[in-house]
Amino acid sequence: MKQNVSLLGVEFDAVTLDQAAQRCVDICRRSNNSHIVMTINASHLCMMRRDAELAHACSAADMTVADGMPVVWAIRASGQHMPERVAGIDLMEGLLRAAASNGLCVYFLGAHQDVVEKLVRVCEARFPQLKIAGFRNGYFGPDEHDVIVDEIRASGAHILFIGLPSPFKEVWSERYRERLQVPVILGVGGSFDVLAGFIKRAPRLFQSLGLEWFWRLMMEPRKLWRRYLSTNSEFIWLALREVVARRAYAVRRESALAGSANAVRRDNRIVVSERRMADRRILVRRRSNVRNPQAPIPDRRRGIERRVSERRARTANAPKDIEVSA
């Protein structure tokens, strides 16, 4: 059963990495229409507040996963269930493995020419059964969009990986989704460079602590410091405000439910009391409806007093002992 959670106006699918990959494989098997999978992180959530096209593209996605531990932590802190983080690069690797075992074709779009060529060689070595329908670098102008879309559609690919920056890849995917006719479209950002070996990914410790962004900042400080400083500060403020609001709403709701339960119990006590009073009134009416209304109502205490008086009278009237003189 599909379960959704929300944060800052975006609905996320509460799925694990394996569940997300399996959904994509099922889509490839049963449909030829395009389905967009979004990997949303803190940066996306902040950019969506100022970019209407990006917000529309993200809201129109067929599956949205939380790519970033800060997003996962914020969702959990708000009282909602999110099983784990589903990073774009991890989902890409899972889909490459699934495509190789299920005979699905993939297409790579993005990065420099030498990066995407190296990526193809690496994938062919890691997944010998993988079918690569085609690849193209990410340096093209608006006048080439139609040609690229036609090329991807003609390739017969089942999965399209887009290694382009945000918000371009999200907006471009949504704009051409109908013409692409690729069952699964996944934007993976800089994952091409990582899988091709041009950029080293953060160690597992950094990933588990939610500090992968810090690792990337150390790798490219001049490029990322300004963006991370503004984005992270904005996300912390927005997420904290929503968490507090959701927690306060949950407390008010529990109080309202508890008040309703108390009202129900109070009403039940009133009903029982009224029922007992009605039973007493019925009993009084039954006693007053006897044939002789003037006859006294039998009273157990009066019967006992009468029997005691009769016993005393019998004792007083009994013959006394006769004394015999000598």
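Predicted model: local features only at pLDDT ≥ 70, side-chain atom pairs only at ≥ 80, totals over all residues.
Let's start with strand S8, residues 184–187. What covers it, one face or both? Both faces are covered: Val184 and Leu186 are buried on one side, and Ile185 and Gly187 are buried on the other.

Next, Asp67. You'll find it in the loop between strand S4 (63–66) and helix H4 (69–77). Its relative accessible area is 15%, and the cut-off for buried is under 20%, so Asp67 counts as buried. What does its side chain touch? There's a polar contact with the side chain of Arg85, at 3.4 Å. Leaving aside neighbours within four places in sequence, the contacts of Asp67 include Thr39, Ile40 and Asn41, along with Val86, Ala87 and Gly88.

On to the salt bridges. How many does the structure hold? There are 15. In general, side chains of opposite charge can pair when their charged atoms come close.

One of them joins Asp150 and Arg179, at 3.4 Å from N to O. This pair links distant parts of the chain: Asp150 sits in helix H7 (residues 145–155) and Arg179 in helix H9 (residues 177–180), 29 residues apart. Asp150 is partly exposed, at 33% relative accessible area, and Arg179 is partly exposed as well, at 34%. The two belong to a network of salt bridges that also takes in Asp146 and Arg153.

Now for some buried pairs. Glu170 and Lys169 meet in a salt bridge at 3.0 Å; Glu170 is buried at 3%, and Lys169 is buried at 6%. Glu174 and Arg177 form another, with their closest N and O atoms 3.2 Å apart. Here Glu174 comes in at 18%, which counts as buried, and Arg177 is buried at 9%.

Last stop, the surface. Phe214, Met218 and Met219 form a nonpolar patch there, with about 270 Å² of accessible area together. Phe214 lies in helix H12, residues 212–219, and is partly exposed at 35%.

How values were computed:
Residues numbered from 1 in each chain as written. Heavy atoms only, no water. Patch = residues over 30% accessible without salt bridge, like charges linked within 9 Å, V, L, I, M, F, W, Y side chains within 5 Å. Areas by Shrake-Rupley, 256 points an atom, 1.4 Å probe, with all protein chains shown as cover. Salt bridge = Lys/Arg side-chain N within 4 Å of Asp/Glu carboxyl O. Helix = DSSP H or I, 4+ residues; strand = E, 2+ residues; numbered from the N terminus. Buried < 20%, exposed > 50% of the residue type's maximum accessible area, 1.4 Å probe, protein only. Polar contact = N/O pair within 3.5 Å; in protein donor to acceptor, adjacent residues only side chain to side chain. Contact = heavy atoms within 4.5 Å.
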